[in-house]
Amino acid sequence: MDKDKIMALIREIKPGVKWVGAIDWDRRLFDALIPLPEGTSYNSYLIQGSEKTVLIDAVDESMVDVLQGNLLALGIKRIDYIIAQHAEQDHSGSLKRLLDLYPDAKVLGSARCLDLLMLFGLVSQDRVKEVKDDEKISLGDRSLQFIIAPWVHWPDTIFTYLAEERILFTCDFLGSHLASSDLYASDEAVVYRAAKRYYAEIMMPFRQNINRHLARIADLPMDVIAPSHGPLYARPEFILDAYRDWASDRVKNQVVLPYVSMHESTRIMVGYLVDALISRGVGVRQFDLTNYDAGELAESLVDAATVVIGTPTILAGAHPLALYAAILANALRPKTRYASIIGSFGWGGKMLEQITVALPNLKLQFFDPVVAKGHPKEADFQGLDRLADEIAAKHRELKIA
Ligand code: FEO
């Protein structure tokens with residue numbers, strides 16, 4: 001691409017602060033686990049101070065040509081510091097090329113981050129410099145302050161604050177996997193959903209740390225929040241309020257119902273329970289585990305009060321897809337309060353026990369399960385009505401909406 005076209009794609013955030021990252025419209029999977037239905041972006045930021053030039057976060061190795069093209073189009077001949085806010089390869093995979101291109105550049109990061117980068121073979125000891133919490137570096141006419149923020153999902157993350165321009169760079173924190181031509185979150189409804197899903201997929205297990213980070217940055221004057229995935233926020237309160245809600249202890253009047261059915265018995269029971277819950281004023285999100293998006297299931301778990309897993313019995317136990325959903329929920333550690341299991345069996349098995357023991361990380365109160373022998377009969381439907389009554393009553397006790 002010629003220089004003028006590249007220059008048109010580089011966006012200025014404030015004087016001397018530019019977005020120079022890459023949009024990955026076509027990526028559809030992250031960590032060989034997380035679906036990316038809307039792609040993602042790797043946001044990289046160039047800050048040109050009167051004395052020093054800094055790059056905040058790099059891009060995935062697959063997009064290094066884009067980042068390099070942006071820097072060359074801008075005529076950047078020297079970079080003094082590359083700030084690695086987090087070592088994961090989607091932000092650091094291109095470091096080797098950058099360090100070759102800019103031989104004077106030092107990589108700045110937390111001790112944990114630098115250790116990981118060296119472990120991954122991306123940098124060598126002579127090219128790194130550790131930064132501490134609250135440390136500042138001068139770029140001449142402006143300065144950067146570092147905030148150590150471990151366990152956004154890895155132990156290494158830092159945020160970077162550019163006080164003179166009131167910009168907070170947050171790497172994964174507050175971001176979204178959303179490929180977009182919008183630099184800023186102009187359609188907040190779209191970004192809300194993508195950011196909630198992203199929070200669920202990687203940050204929800206670290207909710208208490210997320211709350212600490214929110215408290216830490218609460219008093220920083222901010223015009224812009226600049227994460228390293230997805231659109232930036234020119235209205236920081238939008239994403240901060242959303243995170244405060246998701247990371248709080250509050251749950252919502254919702255049941256998440258992932259299920260799998262082989263010969264319709266479990267499906268009939270799921271349909272009956274869903275209707276029974278709706279008629280009692282309880283919201284439901286139902287997921288057929290043979291055809292679902294794991295990110296949507298994760299997002300639904302962010303604030304639902306209850307999860308009910310539906311499974312038939314196969315090979316003397318729970319269906320593997322139902323077990324996988326339970327293992328996923330256990331790993332994501334949502335704030336779910338209540339749970340139950342519904343399903344069917346023909347001649348016995350350990351379905352109930354397997355699902356229950358797969359959820360040790362969640363502090364759950366279990367309602368009695370409803371398990372039909374063969375096709376569901378009148379007594380099973382009465383059991384489902386009883387379960388719906390109990391769920392609705394517990395949700396009412398919590399005074400949740
Ligand atoms: Fe976007 Fe944890 O890397």
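The buried residues of helix H2 (residues 64-73) are covered by elements that include helix H1 (3-9), strand S7 (45-48), strand S8 (53-56) and helix H4 (95-101). Buried means under 20% relative accessible area with a 1.4 Å probe, protein chains only. Helices here are DSSP runs of H or I with at least four residues, and strands are E runs of at least two, numbered from the N terminus.

Some background. This is a predicted model, where local features need pLDDT of at least 70, side-chain atom pairs count only at pLDDT 80 or more, and totals for chains, interfaces and linings use all residues. Residues are numbered from 1 along each chain as its sequence is written, and side-chain values use heavy atoms, without hydrogens and water.

Back to H2. Seven of its ten residues are buried, so H2 is largely enclosed by the rest of the structure. Those residues are Val64, Leu67, Gln68, Gly69, Asn70, Leu71 and Ala73. Just after H2, Gly75 has a positive phi of about 75°.

Next, the sheet. Seven strands form an open sheet in the order S1-S2-S7-S8-S9-S10-S11, with mixed pairing; two strands pair if DSSP finds at least two bridges between them. S1 (11-14) and S11 (128-130) are at the edges with a single partner strand each, so one side of each has no neighbour in the sheet. S8 pairs with S9 (residues 81-83) in the parallel sense over three bridges. Ile83 in S9 is the bridge partner of Ile56.

Last, a helix pair. H9 (residues 265-279) passes H13 (residues 378-397) in a right-handed crossing, meaning the near helix is turned clockwise from the far one by less than a right angle.

Notes
Axes are lines fitted to C-alpha atoms, for helices over the stretch in contact, and angles run from 0 to 180 degrees between N-to-C directions. Buried means under 20% relative accessible area, exposed over 50%, partly exposed in between (1.4 Å probe, protein chains only). Contact means heavy atoms within 4.5 Å.
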